[in-house]
Amino acid sequence: MGWIYLLLGGLFEIGWPVGMKLAQTTGARFLFLAAAVISMALSGYFLYMAQRTIPIGTAYVVWTGIGAIGTLLIGIFFFHDSAGLWRMLSALLIIVGIIGLKLAS
C-alpha cells in the first residue's frame, strides 16, 4: 500500500507547479492557486502515509522524481518547453535512479 500512496503523492506533486503555472497564464488566478495549495497538501499527506512502510530516503527521491519528470513532461507537451537532448538524457538519469531505488528497497 505504501507504493500506491507514494505514486499518488508523486502525482499530486505534479499538480502544484502546474497549478502555479496556470495561475500565471490564465484569468483564473485564484482558482489555480487554490488547486496548487490543495495539491501540495495532498502530496505531502500521501508522502507521509508512504513513509510508514518505505524508507524515508527512497520515498523522498521517488516522490520528487515523479513530480520532476511529470512536470517536465507536462511542460514539454502543454507549455512548449524545450525537449532538447541534454534535458531528455538528464530526465532519463532521474528515471533510472528511481527504478534503481525501487529495486533496491
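Val18 is buried, with a relative accessible area of 16%, where buried means under 20% relative accessible area, exposed means over 50%, and partly exposed covers what lies in between, all computed with a 1.4 Å probe on protein chains only. The structure is a predicted model, in which local features need a pLDDT of at least 70 and side-chain atom pairs count only at pLDDT 80 or more, while totals for chains, interfaces and linings use all residues. Residues are numbered from 1 along each chain as its sequence is written, and side-chain values use heavy atoms, with hydrogens and water left out.

Val18 has its place in helix H1, and its C-alpha atom is separated by 9.3 Å from that of Ala35, a residue 17 positions apart from Val18 along the chain. The chain as a whole has four helices and zero strands, these elements being DSSP runs numbered from the N terminus, with helices (H or I) of at least four residues and strands (E) of at least two. Read along the sequence, the pattern is therefore written α-α-α-α. The C-alpha trace spans about 45 × 35 × 15 Å along its principal axes, and buried residues make up 30% of the 105 residues. Among contacts (heavy atoms within 4.5 Å) between residues at least 6 apart in sequence, 68% join residues at least 24 apart.

Helix H1 has 24 residues and reaches 35 Å from its first C-alpha to its last, close to the 34 Å expected at 1.5 Å a residue, the expected span being 1.5 Å times one less than the number of residues. Its buried residues are Gly2, Leu6, Gly9, Gly10, Glu13, Ile14, Val18, Gly19 and Ala23, and they pack against H2 and H3.

Helix H2 has 22 residues and reaches 31 Å between its first and last C-alpha, close to an expected 32 Å. The buried residues of H2 are Ala36, Ser39, Ser43, Phe46, Leu47, Met49 and Ala50. Seen down the axis of H2, these buried residues fall within an arc of 150°, so they line one face of the helix; the arc is that of the directions from the helix axis to the C-beta atoms. On the other side of H2, Phe30, Val37, Ile38 and Ala41 are exposed, whereas the buried residues of H2 pack against H1 and H3. Ser39 illustrates this packing: the residue is buried, with a relative accessible area of 6%, and, leaving aside neighbours within four places in sequence, Ser39 is in contact with Phe12, Gly15 and Trp16.

In soluble globular proteins, nonpolar side chains tend to be buried together.

The aromatic residues complete the picture. A search of the whole structure finds four aromatic pairs, which are rings of Phe, Tyr and Trp (its six-membered ring) whose centres lie within 6.5 Å, with planes under 30 degrees apart counted as stacked, over 60 as edge-to-face and the rest as tilted. Tyr5 and Phe46 form a stacked pair, at 6.1 Å centre to centre and 20° between the planes. This pair links distant parts of the chain, since Tyr5 lies in H1 (residues 2-25) and Phe46 in H2 (residues 29-50), 41 residues apart. Phe46 counts as buried, at 14% relative accessibility. Tyr60 and Trp63 form a tilted pair, with 5.6 Å between centres and 45° between the planes. Being three residues apart in helix H3 (residues 56-79), Tyr60 and Trp63 are separated by about one helical turn. Trp63 is buried, with a relative accessible area of 11%, whereas Tyr60 counts as partly exposed at 46%.

Tyr5, Phe12, Tyr45 and Phe46 form one aromatic cluster. Elsewhere, the charged end of Lys102 sits over the ring of Trp3, 4.6 Å from its centre, a description that requires NZ of Lys or CZ of Arg to be within 6 Å of the ring centre and within 35 degrees of the ring normal.
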